[in-house]
Amino acid sequence: MSALRHAGVVLTALLLSICVVHANSLDSLETFLKSTKSGRADFTQVVTPPAKAGQTSARIKTSTGQFSFMRPTRFRFDYLKPFPQVIVADGQTLWLYDADLEQVTARKQAQALGSSPAALVATAADVSALQKEFNLEAQADADGLQWVQATPKNRDSTIQSVRMGLHTDGAQVSLAKLEIFDAMGQRSVLSFERFDVNPTNLGAAQFNFVPPKGVSVIRP
């Protein structure tokens, strides 16, 4: 009987600890969204496509650059290696500039973002705003981070799910990782370093984009 009682106590403690972990990860996400009005970080992106028939391993692609954002409508990815590329949301238009192709693609930002990973990080004001587009699930801590999984409510989304890894340092929460799984089976992992929360030298002008002279501009 004592063994059964002990097992029950252990199980209860385990369930309580799981509930605490889940509450903390969603609370940390809420803190990040509400307190981080802007940010800047270096990033490394590792993209792993699904293995093709006959392949023992997929070809991994790695790129590096800098990411910055200002809530609620501006963000910027500056890819530096291996090829220069810029993605900018200026509040009205989402710009994609491929320097090698000498081509700029411009889309209306409101239509392009919706249930995209950028909405998770840079545009949502709080958890309730995210829950309009995503089902959020708190997950157990791992690798020293708190994790939340977001699944788009739109079944036609090109994104299958996104996992956000949050780093907590006292009352401050920063984004450490994004794991993105798309509908084609591709996995992209963005790791953020030197995350600068609410930098004073980051302004709206840094999210302006003017297509370079001589490049073609496509507006789908």
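Trainee: Which residues are linked in a network of salt bridges?

Mentor: Asp-42, Glu-193 and Arg-194 are linked in that network. The model is predicted, so local features need pLDDT of at least 70 and side-chain atom pairs count only at pLDDT 80 or more, while totals for chains, interfaces and linings use all residues. Residues are numbered from 1 along each chain as its sequence is written, and side-chain values use heavy atoms, with hydrogens and water left out.

A salt bridge here is a side-chain nitrogen of Lys or Arg within 4 Å of a carboxyl oxygen of Asp or Glu. Glu-193 is partly exposed, with a relative accessible area of 46%, whereas Arg-194 is exposed at 61%. Those words have cut-offs: buried is under 20% relative accessible area, exposed is over 50%, and partly exposed is in between (1.4 Å probe, protein chains only).

The whole structure has 7 salt bridges. One of them joins Glu-30 and Lys-34 at 3.1 Å, N to O. These two residues are separated by about one helical turn, because they are 4 residues apart in helix 1 (residues 2–35). Helices (H or I, at least four residues) and strands (E, at least two) are DSSP runs, numbered from the N terminus. Glu-30 is partly exposed at 22%, and Lys-34 is partly exposed at 44%.

Another salt bridge joins Glu-179 and Arg-163, with the closest N and O atoms 3.0 Å apart. This pair links distant parts of the chain, 16 residues apart: Glu-179 is in strand 10 (residues 172–182) and Arg-163 in strand 9 (residues 159–169). Glu-179 is buried at 10%, and Arg-163 is buried at 18%. Arg-163 also lies over the face of Trp-147, 4.1 Å from the ring centre. A charge sits over a ring if NZ of Lys or CZ of Arg is within 6 Å of the ring centre and within 35 degrees of the ring normal. The charged end of Arg-71 sits in this way over Phe-32, 5.2 Å from the ring centre.

Rings of Phe, Tyr and Trp (its six-membered ring) pair if their centres lie within 6.5 Å; planes under 30 degrees apart count as stacked, over 60 as edge-to-face and the rest as tilted. The count comes to 11 aromatic pairs. In one of them, Phe-75 and Phe-77 are edge-to-face, 6.2 Å centre to centre with 75° between the planes. Both Phe-75 and Phe-77 are buried. Ring pairs link them into a cluster whose members include Phe-32, Phe-43, Tyr-79 and Phe-192.

Tyr-79 also has a polar partner: a polar contact of 2.6 Å joins its side chain to that of Gln-45. A polar contact is a pair of N or O atoms within 3.5 Å; within protein, one must be able to donate a hydrogen and the other to accept it, and residues adjacent in sequence count only if both atoms are side-chain atoms. Gln-45 is found in strand 1 (residues 38–48) and is buried at 11%.
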